[in-house]
Amino acid sequence: MQKQKILIIGSGGREHAIGWKVSQSPRAGEIYFAPGNAGTTKIGTNIAIKATEIDKLIEFVKREKIDLTLALPDDPLALGIVDAFRTENLRIFGPTKSAAQLEYSKAFSKNFMKKHNLPTARFKVFTNFDEAIRYTDMETLPIVIKASGLALGKGVIIAQTRKEVHLALEDILVKKVFGEAGNEVVIEEFLTGPEISTHAFSDGINFSLFPTSQDHKKIGENDEGLNTGGMGTIAPLPFVSSELYEDIKNKIVAETLKGMESDGNIFEGILYPGLMLTTAGPKILEYNARFGDPETQTYMRLLETDLLDIVDACIDHKLSDVKVKWKDMSACTIILASGGYPGNYEKGKIISGIPEAEQMPNIVVFHAGTKMEEVEDSEHGRMENLVTNGGRVLGVSAIGENLSVALATAYEAVKKINFEGMYYRKDIGKKALEL
Ligand SMILES: Nc1ncnc2c1ncn2[C@@H]1O[C@H](COP(=O)(O)OP(=O)(O)OP(=O)(O)O)[C@@H](O)[C@H]1O
Ligand SMILES: [Mg+2]
């Protein structure tokens, strides 16, 4: 069997989880991570190239004769890494720059949804502050104001008062606090209901929908406090009926991919719609054009089929030949974060207990903000410590026969792990179990 040399671009828990899954493929050869983290060194080799250094990545891929590249974060996709690789005849998984607009331009995605009659919040796009104010003056509050471009998850403001509307529009359109990402704003109707995520593998025409999942975006329990990159995920969602799942598949995912195809902008890669389950049915809050983090850590625990087989089939437009199978179990991931995150936090705290946690059945610990640090010790000489190196440090994932069992197992494992200031939410999956 021909082994493939693989490059995985990115450095978070998502990249560790994809690497973990890919490494189980009999077709996986050497695996490289650019730049990776301390966890990915157990699977492959980290190389010191950033996800956005596309020229350097191409040079590396040519030099090392990499067979397949997986570009996981949003920014290289928005920079056109897939187009750049294809121009060089290099094999890569993901959407083109034009198709990735579904994520990196909210103005594009909202206009796309409107054109193709996809269910989403009523909206208007503005570039001018005064016009935006005039529009919001006629609308009821709260109202949602979004910088159109990539803003590290900070570009969405739910304004409760006219003053907040004014400040948000001034920040984005006048003061340019998000830079060019705020050249356009989307102003949209405020929706309510449970939020869910789903993903689909797409070869452009055929797709395969994942089970549904749910992230927990807020730092605090009961969904209070500041937004984060995600504090924990569960899948599949016990409250999503098979009818609703079919609706999401047929009315949202299939229609989105069909719309892209008919616009001459086929979407290959991972389509990840963020949905709100309103009383009027599921509505699309946003699209992402890549694997979610930390959804991926949970999804990879459930995926049974060889991920390389799926990725290769997507690239070759043969996804209909592959049967994508998921374990008939539940999974969850609890994020362990640095104290102070998503505000200021300290790095370099020694992490203990991961081997003990991973000795437990059904547990895998994915690294996110971690690194190995060399220290001089008078007793032991030179030694290496695993230390914290980011806001979200680890993702403790578990599988179980149902969601309660998976959650209980994950929280048991969390108890074994420690670093100074470690913070995590104790209510991941709680609402889903109560719904
Ligand atoms: N129309 C809306 N009504 C109510 N809440 C909304 C609406 N649009 C967005 N939100 C809230 O704001 C959050 C972020 O919005 P959105 O997903 O569009 O932004 P994003 O910055 O692309 O997020 P992500 O980092 O998840 O990709 C949503 O998860 C949801 O909680
Ligand atoms: Mg998004």
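The model is predicted, so local features need pLDDT of at least 70 and side-chain atom pairs count only at pLDDT 80 or more, while totals for chains, interfaces and linings use all residues. Residues are numbered from 1 along each chain as its sequence is written, chains are lettered from A and ligands numbered from 1 in the order in which they are written, and side-chain values use heavy atoms, with hydrogens and water left out.

**Exercise 1.** Determine which parts of the chain the salt bridge between R91 and D312 ties together.

*Solution.* 
1. The side chains of R91 and D312 form a salt bridge at 2.9 Å, N to O; the term requires a side-chain nitrogen of Lys or Arg within 4 Å of a carboxyl oxygen of Asp or Glu.
2. R91 sits in the loop between α4 (81-87) and β5 (92-93), and D312 in helix α11 (residues 307-315), so the pair joins parts 221 residues apart in sequence. Helices (H or I, at least four residues) and strands (E, at least two) are DSSP runs, numbered from the N terminus.
3. D312 has a relative accessible area of 11% and is buried.
4. Both residues belong to a salt-bridge network that links R27, R91, D309, D312 and D316.

**Exercise 2.** Classify R290 and E103 as buried or exposed, and locate each partner.

*Solution.* 
1. A salt bridge joins the side chains of R290 and E103 at 2.9 Å, N to O.
2. R290 lies in the loop between β18 (281-288) and α10 (295-302), whereas E103 lies in helix α5 (residues 101-104), 187 residues apart.
3. R290 is buried, at 15% relative accessible area.
4. E103, at 8%, is likewise buried.

**Exercise 3.** State how many salt bridges the structure holds and how the protein is divided into domains.

*Solution.* 
1. The structure holds 30 salt bridges.
2. The division gives domain 1 (4-94), domain 2 (122-189) and domain 3 (195-434), with bounds from an automatic or database domain assignment.
3. Between domain 2 and domain 3, the C-alpha centres are 29 Å apart.

Technical notes:
Buried < 20%, exposed > 50% of the residue type's maximum accessible area, 1.4 Å probe, protein only.
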